[in-house]
2 protein chains.
Amino acid sequence: MKKDYIFTPGPTPVPHSVSVAQSKMIHHRSADFGELFSRVLDGLKYAFQTQNDIVVFASSGTGGLEAAVANCFSPGDKVAVFNGGKFGERFVEIASFFGLDVIQVAYNWGESANPSDCERVLSENPDIKGVMLTHSETSTGVVNDVEAFGRIVRQTPALFVVDTISGLCAAPFKTDEWGVDIAVGGSQKGLMTPPGLAFVAVSEKAWKAVETARLPRYYFCFKAARKSFSKTPPQTPYTPAITLLQALDVALKMIKDEGLENVWARHELFARATRAGVKALGLELFAKDSSRASVVTSVISPDGINSGDLVRLLRSKYGIFIAGGQSKLKGKIFRLGHVGYFDRYDIIVQLAAVEFGLKELGFPVELGTGVSSAMKILYEE
Amino acid sequence: MKKDYIFTPGPTPVPHSVSVAQSKMIHHRSADFGELFSRVLDGLKYAFQTQNDIVVFASSGTGGLEAAVANCFSPGDKVAVFNGGKFGERFVEIASFFGLDVIQVAYNWGESANPSDCERVLSENPDIKGVMLTHSETSTGVVNDVEAFGRIVRQTPALFVVDTISGLCAAPFKTDEWGVDIAVGGSQKGLMTPPGLAFVAVSEKAWKAVETARLPRYYFCFKAARKSFSKTPPQTPYTPAITLLQALDVALKMIKDEGLENVWARHELFARATRAGVKALGLELFAKDSSRASVVTSVISPDGINSGDLVRLLRSKYGIFIAGGQSKLKGKIFRLGHVGYFDRYDIIVQLAAVEFGLKELGFPVELGTGVSSAMKILYEE
């Protein structure tokens, strides 16, 4: 008997009740759908901690990032992108593809974005129209200090655009309190739902920018979405991913029942336990500053062990899906996810699997060392 | 006991085995997903009757239409759109939003697009870069003669772009044989899968246009999709809608098992039976030429009866979801779907419900008249 455990930082484990909610289908031009969709929009506002409008698209999270760019800017607009990993790079790519004038502030992978850089760049470039930041940089494990950036950007005319696709409901995120004008989320991370939905929370400041933005958009048009959402019952401009919305409805209720503060605390605890387990095995963390790293724990693969080999071994023999390194980190790090539907035993299972795998690959492991250290933290709380 | 019957022309009924296939989830960077995705791409090639590459997006069908425009054209390119309904209008809108020079050939709703108009427009405008046609115009019930258009367009440098979102696997459609350069489909119609996936079949002629097209696209980029699809195992550039692909895999197998020619014949038979039933009730069809109208049967609401009232009554009291008229046809027609997962009893049930509803709204109906006429056709075959 080999069960499969998806411990990657997206897609993440889906609760059974969320999974089976996909197994029926209602019509999207019906009162029932209107009720469902209203509940989902309310639940998303809670998850994003916002009173802003939220638009929902049938798309991957990347579609939400593209929507942010296409709805808020015009060709040649100057934007600053703070890039410390694969998803920071994606922001740079999208903005460049759409003809924006991109000032890139690049960090070594594993480093956090520095708010003082934001201050400097904005004062040197008062014509900046947007500041783009990745909340949780899934490729490195870094969670950036969105709050500190927000304090700076809100004093300028620039829009503050944040990718919180893997951060939402995993690390604290307060759209309104932190002054985030555009926050982009996805269904398949902290929201515990299968992939295929993207969400964008749009502030009043951002809506004003939408009015004058000249980049072409149709499918991802915020205004078309808002117009349909405000109908009674609320609708979507195009046929929505109905079954995924049904699943999300169940997941959002779980999050509300647990309470967002508790959800964040759980992620923080599990991250702390995972870090303790990893360190007890004599391994080194990849992210320089792990104080906010509650989404995914990135670990430097020990000398002589290619992290890809570990990932493959855990998948093929041990039924555990963890992630390796992406792009320039290929073979060099592995990533232990604890985003979304995780309980304490998942943390133990994941560390146990890592111990099995590393031992089999020749790394000296006293079996149970990492697990024991994690258990002490999981017990104390 | 009131069961719910979704007889709208999208979303359409989903077989139980397809529904429950959403209830598990595999990781999208795995050999298992690679096998699934390869099978899905092969199945789609069969459904589209093509050897061309097929790209798959997590989006509504409209996203696929936008992808067609954004990948193949540059600002100012001249295109001809043959527009006979709401989805023809959508093509006009998308092309206009993206700054194309749109020659619109408009028809009264309910009329088919005329191939001789295509011949004329192309000879008057030898610089036309694209011809856009809606295969099945869901808003009116008309199915256009794609084959005849294809014979004309293939002799010119223009790309032939066809929206077959509601037509695919419902009315005959032969991408390669008919010279369709860009064919756009969706999951929630003839493919019997919940909404949230769009497909685009891209010909060699279209790939050449992609190389020089300058409209911005990122999420919907064909080249990025092809690059990921051609990896071993095949992947997608961004996290795919995994559970919907699992469902589609089951649906495509059903279509292959039934055989596409048989699927088309079944739709044609059910359309014929529905038309016979409707006519036996003394009602008039809306589409002028119903010879190819195998997707949805549009019916003119009798004098004094608002079709919206009929639709609402059937939903609230009889558990039957049919569609009313859209835009300018609101209140004037109702539409009986027979796309996708329909058997002969669904046709009978739908007509029975229409009889109940019309009678209750004061239209003189001898109960069973429409059903009997349909049954005669369903029995003979």
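In the predicted model, helix α5 (residues 115-124) of chain A packs against helix α6 (residues 146-153) of chain A at an angle of about 20°, and the two axes lie 9 Å apart. Helix α5(A) is therefore roughly parallel to α6(A), since angles under 35 degrees are placed in that class. The crossing in which α5(A) passes α6(A) is right-handed. On the side of α5(A), the residues that take part are Pro115(A), Cys118(A), Glu119(A) and Leu122(A), and they meet Ala148(A), Phe149(A), Ile152(A) and Val153(A) of α6(A). By class, this contact of α5(A) with α6(A) comprises 7 nonpolar residues, no polar residue and 1 charged residue.

Another helix pair of chain A is formed by α11 (residues 307-316) and α12 (residues 344-360), which pack at an angle of about 120° with their axes 10 Å apart. The crossing of α11(A) and α12(A) is likewise described as right-handed. Helix α11(A) contributes Leu310(A), Leu313(A) and Leu314(A), whereas α12(A) contributes Ala353(A), Gly357(A), Leu358(A) and Glu360(A). The residues of this contact of α11(A) with α12(A) fall into 5 nonpolar, 1 polar and 1 charged.

In chain B, the axes of helix α3 (residues 61-72) and helix α4 (residues 86-97) come within 10 Å and cross at roughly 45°. Helices α3(B) and α4(B) are therefore oblique to each other. The passage of α3(B) across α4(B) is a right-handed crossing. Thr62(B), Leu65(B), Glu66(B) and Val69(B) of α3(B) make the contact with Arg90(B), Phe91(B), Ile94(B) and Ala95(B) of α4(B). Among the residues of this contact of α3(B) with α4(B), 5 are nonpolar, 1 is polar and 2 are charged.

At the level of domains, the assignment for chain A gives domain 1 (16-257) and domain 2 (259-380). The centres of domain 1 and domain 2 of chain A, taken over C-alpha atoms, are separated by 28 Å. Between these domains of chain A, 23 residues of domain 1 are in contact with 23 residues of domain 2. The side of domain 1 of chain A that touches domain 2 of chain A holds 10 nonpolar, 10 polar and 3 charged residues.

The relation between the two chains was examined next. Chain A can be laid on chain B with an RMSD of 0.0 Å by a turn of 180° and a shift of 0.0 Å along the axis. This is the relation of a two-fold axis. Ser59(A) is the residue of chain A that comes closest to the rotation axis, with its C-alpha at 2.4 Å.

Where the chains meet, 40 residues of chain A are in contact with 40 residues of chain B. Helices α1 (16-20), α3 (61-72), α4 (86-97) and α9 (242-258) of chain A each supply at least two residues of the side of chain A that touches chain B. Of the elements on this side of chain A, α3(A) gives the most, with 4 residues. The side of chain A that touches chain B is divided into 20 nonpolar, 17 polar and 3 charged residues. Of the interface residues of chain A, 100% are also interface residues in chain B, so the copies meet through the same surface.

Most residues other than glycine have a negative phi, and most peptide bonds are trans. In chain A, however, Thr232(A) and Pro233(A) are joined by a cis peptide bond, with omega about -10°. Pro233(A) is placed in the loop between α8 (222-229) and α9 of chain A. In chain B, a cis peptide bond joins Thr232(B) and Pro233(B), and omega is about -10°. Pro233(B) has its place in the loop between α8 (222-229) and α9 (242-258) of chain B. Met192(A), although not a glycine, has a positive phi of about 60°. The location of Met192(A) is the loop between β9 (182-186) and β10 (197-202) of chain A.

Key: Residues numbered from 1 in each chain as written. Chains lettered and ligands numbered in written order. Predicted model: local features only at pLDDT ≥ 70, side-chain atom pairs only at ≥ 80, totals over all residues. Axes fitted to C-alpha atoms, helices over the stretch in contact; angles between N-to-C directions. Parallel < 35°, antiparallel > 145°, perpendicular 65-115°, else oblique. Left-handed = near helix turned anticlockwise from the far one by under 90°. Contact = placed C-beta atoms within 7 Å. Nonpolar A, V, L, I, M, F, W, Y, C, P; charged D, E, K, R; others polar. Domains from an automatic or database assignment. Least-squares fit on C-alpha atoms with pLDDT ≥ 70 in both.
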